[in-house]
2 protein chains.
Amino acid sequence: MLSEIIAVGSELLTPYRQDTNSLFLTEQLNNLGVRVIFKTIVGDRRPHLVQAARQALERTDIVIVMGGLGPTEDDLTRESVASAIGVSIKRDTELLTTLYKRFAERRITMPENNAKQSDVIEGAEILLNAQGTAPGQWLDIVFGGHRKLLMLLPGPPAEMKAMFTNECLPRLRSILPERHIAYRVLKMALLPESQVDARLAPIYTRYKDVETTILAVTHPGEIQLHLLCAKPTQAVAQARVNELASKIEEEMDELIYSAQNETLEQIALYYLEMRGATLAVAESCTGGLLSQRLTSVSGSSRSFLGGAIVYSNALKTDFADVPEELIEEHGAVSAAVAEALANGIRRRTQATFGIGITGIAGPTGGSEEKPVGLVYIALSDGQRTDVVERRFTGDRERVRWWATQLALDMIRRKLM
Amino acid sequence: MLSEIIAVGSELLTPYRQDTNSLFLTEQLNNLGVRVIFKTIVGDRRPHLVQAARQALERTDIVIVMGGLGPTEDDLTRESVASAIGVSIKRDTELLTTLYKRFAERRITMPENNAKQSDVIEGAEILLNAQGTAPGQWLDIVFGGHRKLLMLLPGPPAEMKAMFTNECLPRLRSILPERHIAYRVLKMALLPESQVDARLAPIYTRYKDVETTILAVTHPGEIQLHLLCAKPTQAVAQARVNELASKIEEEMDELIYSAQNETLEQIALYYLEMRGATLAVAESCTGGLLSQRLTSVSGSSRSFLGGAIVYSNALKTDFADVPEELIEEHGAVSAAVAEALANGIRRRTQATFGIGITGIAGPTGGSEEKPVGLVYIALSDGQRTDVVERRFTGDRERVRWWATQLALDMIRRKLM
């Protein structure tokens, strides 16, 4: 089954806004075994809307139109879709009454415009909007001699998602052939996409019935492996995904940090908590990013004590007891200072583990000897301190991100 | 002039990836006086590509097709566009030689596939790709009796942007009527969009020739006002934008933190540096986010000394000299502790200003008396300490963001 998603709204044709609803819908449709072959973004203009709807009905089986269901003059989806399929719209008095009531409950007089939201396309079922005033519409029609499913959904993401989940999904499931989906995400840190693909392609290509997607996602130093399998029963689908997942885990071994879609922060904190251990950090070049990532996890205070942002040399000495002479001798960006930061912050906070990070995030501050991107990360457990030297490439944000990614991974590897 | 942007690539029809190139192109086209009326996203399938290209040529004057110019079998843009306009493609021997040379320079044998990248649509000019191997193509044709401009650009953002800027922009400028654009961005923190609009609509609606867009952007607590004016001369356009900008600045006064598109972090650091002042922070609930935002600005070390992540009570005492009894008496989340954190960290680091933040970011940890979202922020200059109490709504990430936004704004207002 093929589908097209149409996102309606002139604001989606500006440099400032972007349709993101279609990502959610694509995932939902894929899970039902439906492929999205076109996405069209169109402004609030009737002829364009009519054209977009007609095209989509001509080339696909399932058409979802999002947006343009509001009460203003710019909201033209209802009349445009009606015109595209050659039927009329009429005001639904029952729906109108419901709208009036809804406003009355909030002690607001309903603006005349809103009556428009009770216009229903001939032959359409009304889809309830639990989160807003714009009802959706469901059409199961014959167009060009073929059966077509056509849905009108509101544009605001929360309303759209709720309506699709509660109203459209059950209808689609009752029409489309039964299909069970198993899905898993494996995550790896600090590896290039090409290297992951080179090692895994010989494995996953043998599982033609499991759709494998390797993604270098939003942040650098993070690779996600999505495994998806659709079968007539859940057990079979799950078994296939699990079998491929364990082959992959065998190959990549401890390079995989999560097989259940956790973040690297969550994993590091999980290991700390499991061992009853605590952590403190002394960050120079990452300037709080590592702490921020750890504390973005709710409940992180159980293992993360805090730490110091030792941007100035004086604070390296005051908060992490790094001897001034050490900084003078080796320079603030050095393995020795990273080690002293990790040890110092650990002792000062009486944490089980201490991390020290120092480096040159750029774009300025580099030299021939100590170039931009050079970072030292130390992890101390009181007995021994591991220090890693890396030369990261990319801009300031990227260097800082990689450094925190490596620091989190060092904790994980130490404790796993 | 009307335009359509076509983004090519099956990965753009998955739940994982999204076209973002079109935002850049829309801005560029808008600046030339061209409106984007459709965006189409299509997979790597020839019949779909041909259909999309033909449609776009039928309904708009300027068509940009991005992606599908690589060397693999999936890269079908060249042949599909040729077929859409009814011409052939032929291999350009000169271009082929250049490609061979390029690979030879890197001491790599060119894979046979890559020869495909020297296929040129009949009548097309070649657009040089400074950043990759895929050349673009420029067509100035008559289609359906009308003049059409058609550009084929590579998909990777860096390559696409460089090629559009260096190759397409000069060509478009020489064809389209001369137009000068003045553009300004005003930024406000911590105000709701509706309130900004209510105060400013009476002003900006009087400037029909200046396009005003109010955006509640990526992060909560941040409103951007985009002013754009196109006129036959730069001076006239600039004068109109400046006139509206000063009317808006008059109305919003110090609520506007930037009139030149700086970030709030940059502005806070700018004021600190201008006054020769330094800053240190003690963060509890924001867990490093404030430090991270400040240090994301290159050169921040000139005024930001660092600080402490005082997640545990022990660290509040050790790093910011907050008396244990004070925490016991008022609780860690209290105005008194925020004040003590600001004072303590300032004294300890000998900074000009100290900031202390304590609160409950949630989702757990709240109580009736101290609910989730309650945050205290203190700013101390050694003489006096200002403490602000706020109850932010939303999830953990949002509460933390608002808290840092307010802290940065407190610095700005103190120093402006």
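This is a predicted model: local features need pLDDT of at least 70, side-chain atom pairs count only at pLDDT 80 or more; totals for chains, interfaces and linings use all residues.
**Strand pairing across the chains and within them**

A:Ile309 stands opposite B:Gly307, a residue of strand 14 of chain B. Strand 14 of chain A and strand 14 (residues 304-309) of chain B run antiparallel and are joined by 3 bridges. In general, the strands of a sheet pair through backbone hydrogen bonds, in either a parallel or an antiparallel manner.

In total, 47 residues of chain A are in contact with 47 residues of chain B. Several elements of chain A each supply at least two residues to the side that touches chain B. Among the helices that do so are helix 1 (21-31), helix 9 (289-295), helix 10 (313-320), helix 12 (335-349) and helix 13 (396-415) of chain A. Among the strands are strand 2 (35-42), strand 10 (210-216) and strand 14 (304-309) of chain A. Strand 2 of chain A gives the most to this side, with 7 residues. By residue type, the side of chain A that touches chain B consists of 20 nonpolar, 21 polar and 6 charged residues.

How do the copies sit relative to one another? Any two copies of a chain are related by a rotation about an axis together with a shift along it.

Attention then turns to the layout of chain A. Its domain assignment gives domain 1 (2-175), domain 2 (180-258) and domain 3 (264-415). The C-alpha centres of domain 1 and domain 2 of chain A lie 35 Å apart.

Chain A contains an open sheet of 4 strands in the order 10-11-9-12, with antiparallel pairing. Strand 10 and strand 12 (256-258) of chain A are the edge strands, each pairing on one side only. From one strand to the next, the twist averages 30 degrees. Within this sheet, strand 9 (residues 180-189) and strand 11 (residues 222-231) of chain A run antiparallel and are joined by 10 bridges. To follow the pairing by eye, one can look for A:Met188, whose bridge partner in strand 11 of chain A is A:Ile223.

Chain B also has an open sheet, in which 4 strands pair antiparallel in the order 10-11-9-12. Strand 10 (210-216) and strand 12 (256-258) of chain B stand at the edges with a single partner strand each, so one side of each is left without a neighbour in the sheet. The twist in this sheet averages 30 degrees from one strand to the next. Strand 9 (residues 180-189) and strand 11 (residues 222-231) of chain B run antiparallel, with 10 bridges between them. In this pairing, B:Arg184 stands opposite B:Leu227 of strand 11.

Helices pack together in chain B as well. Helix 8 (residues 264-274) and helix 13 (residues 396-415) of chain B pack at an angle of about 35 degrees, with their axes 9 Å apart, and their crossing is left-handed. Helix 8 of chain B contributes residues including B:Leu264, B:Ile267 and B:Tyr271 to the contact, while those from helix 13 of chain B include B:Leu408, B:Ile411 and B:Leu415. The residues of this contact divide into 8 nonpolar, 1 polar and 3 charged; B:Glu265, B:Asp409 and B:Arg412 are among the residues that take part.

Definitions and conventions. Residues are numbered from 1 along each chain as its sequence is written. Chains are lettered from A and ligands numbered from 1 in the order in which they are written. Two residues are in contact if their C-beta atoms, placed from the backbone, lie within 7 Å. Ala, Val, Leu, Ile, Met, Phe, Trp, Tyr, Cys and Pro count as nonpolar, Asp, Glu, Lys and Arg as charged, and the others, Gly among them, as polar. Two strands pair if DSSP finds at least two bridges between them. Axes are lines fitted to C-alpha atoms, for helices over the stretch in contact, and angles run from 0 to 180 degrees between N-to-C directions. A crossing is left-handed if the near helix is turned anticlockwise from the far one by less than a right angle, and right-handed if clockwise. Domain bounds come from an automatic or database domain assignment.
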